[in-house]
Amino acid sequence: MPPTTHRTRRPRRRLAAVATAFGLAAASLGLWASDSSAASAVPTPDHVVVVVFENHAFGQVMGSSSAPYINSLAAGGASLTASYAETHPSQPNYYALFSGDTQGVTDDSCVDPGFSQEANLASELVDAGRTWASYNESLPSEGSTTCKSGNYAQKHNPWFGFDNVPTSSAHTFGAFPRDYATLPTVSFVVPNLCSDMHDCSVGTGDTWLKNNLKGYADWAKTHNSLLLITFDEDNRLSGNRIPTVLYGQPVKAGTTSGETYNHYDVLRTIEDMYGTSHAGNAARAKDISGVWTS
């Protein structure tokens, strides 16, 4: 099919600088203190792998017999029972999770590569001396910024929208390391349109996760590492309440948290794990708490 029309969005570096300056001044005057407060007690995993699935509400996955593996991870880890996406459709949520802002993206059309210069999780990690990569199922080739190819869709890959994230950090899923100790500090795994439950069933996605990442999940349980599973949005019928599951050695097994969280809180938590700055709305978000072993 022909590629969707690309749209260019203007960088907002100057506005961001003004906002940052205003924020610092306001903080010094005590007008707000959310970003200046000390980070909550979050762990510092050796590795974090984030997996993003698609378009299913909490009740369609959690407790469902169609998702035995995800539910087993929740039983051995933690489930956030009041986790919410930001908006509809898919793509703005990916930008929110990755950069603390939807970056003016309002639909699922492809964007011009590198349209934004704003801070994001990848650029923050690199600035902090950490490492980052994405592993994208059905990506045609390493670093490809193509709009769509078979079951691959660029709309699930926000890193391509930033000129401060090298395209070389976007890998095919086949490049996911077999030696998990060589994983970057933080990585995102993006299944294709079938494996992520968008075009195929919950059971298909659950089986894909077990077949492809159970090895990492088992390893993470004894190697100070974290697997974080979330969804971009719900099915538009449940107030955008989505499943979010955490699993690994830093997670208290069998924990259920009813605290309300969103994509900005997830981003903030990962940022605070590694002492980075806070991108966009993550500056006013909160850390996930009550689910860690210490």
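This is a predicted model: local features need pLDDT of at least 70, side-chain atom pairs count only at pLDDT 80 or more; totals for chains, interfaces and linings use all residues.
**Disulfides**

- The structure holds two disulfides, and when the bonded cysteines of the protein chain are numbered in sequence order the pairing reads 1-2, 3-4.
- Cys 194 and Cys 200 form a disulfide with their sulfur atoms 2.0 Å apart, and this link is left-handed, with -105 degrees about the S-S bond.
- Cys 110 and Cys 147 form a disulfide with sulfur atoms 2.0 Å apart, and the torsion about their S-S bond is about 80 degrees, so this disulfide is right-handed.
- That pair links distant parts of the chain, 37 residues apart, with Cys 110 in the loop between α4 and α5 and Cys 147 in the loop between β3 and β4.
- Cys 110 is buried at 3% relative accessibility, and Cys 147 is buried with a relative accessible area of 8%.

**Surroundings of helix α4**

- Because 10 of the 10 residues of α4 are buried, the helix is largely enclosed by the rest of the structure.
- The buried residues of α4 pack against β1, α5, β3, β7, β8 and α7.
- After α4 comes Gly 100, whose phi is positive, near 75 degrees.

**Contact of α4 with α7**

- The axes of α4 (residues 90–99) and α7 (residues 263–273) come within 7 Å and cross at roughly 30 degrees, which makes α4 roughly parallel to α7.
- The crossing of α4 past α7 is right-handed, and the residues of this contact divide into six nonpolar, three polar and no charged.

Conventions: Residues are numbered from 1 along each chain as its sequence is written. Side-chain values use heavy atoms; hydrogens and water are left out. Axes are lines fitted to C-alpha atoms, for helices over the stretch in contact, and angles run from 0 to 180 degrees between N-to-C directions. Helices (H or I, at least four residues) and strands (E, at least two) are DSSP runs, numbered from the N terminus. Angles under 35 degrees count as roughly parallel, over 145 as roughly antiparallel, 65 to 115 as roughly perpendicular and the rest as oblique. A crossing is left-handed if the near helix is turned anticlockwise from the far one by less than a right angle, and right-handed if clockwise. Ala, Val, Leu, Ile, Met, Phe, Trp, Tyr, Cys and Pro count as nonpolar, Asp, Glu, Lys and Arg as charged, and the others, Gly among them, as polar. Buried means under 20% relative accessible area, exposed over 50%, partly exposed in between (1.4 Å probe, protein chains only). Contact means heavy atoms within 4.5 Å. A disulfide is a pair of cysteine sulfur atoms within 2.5 Å.
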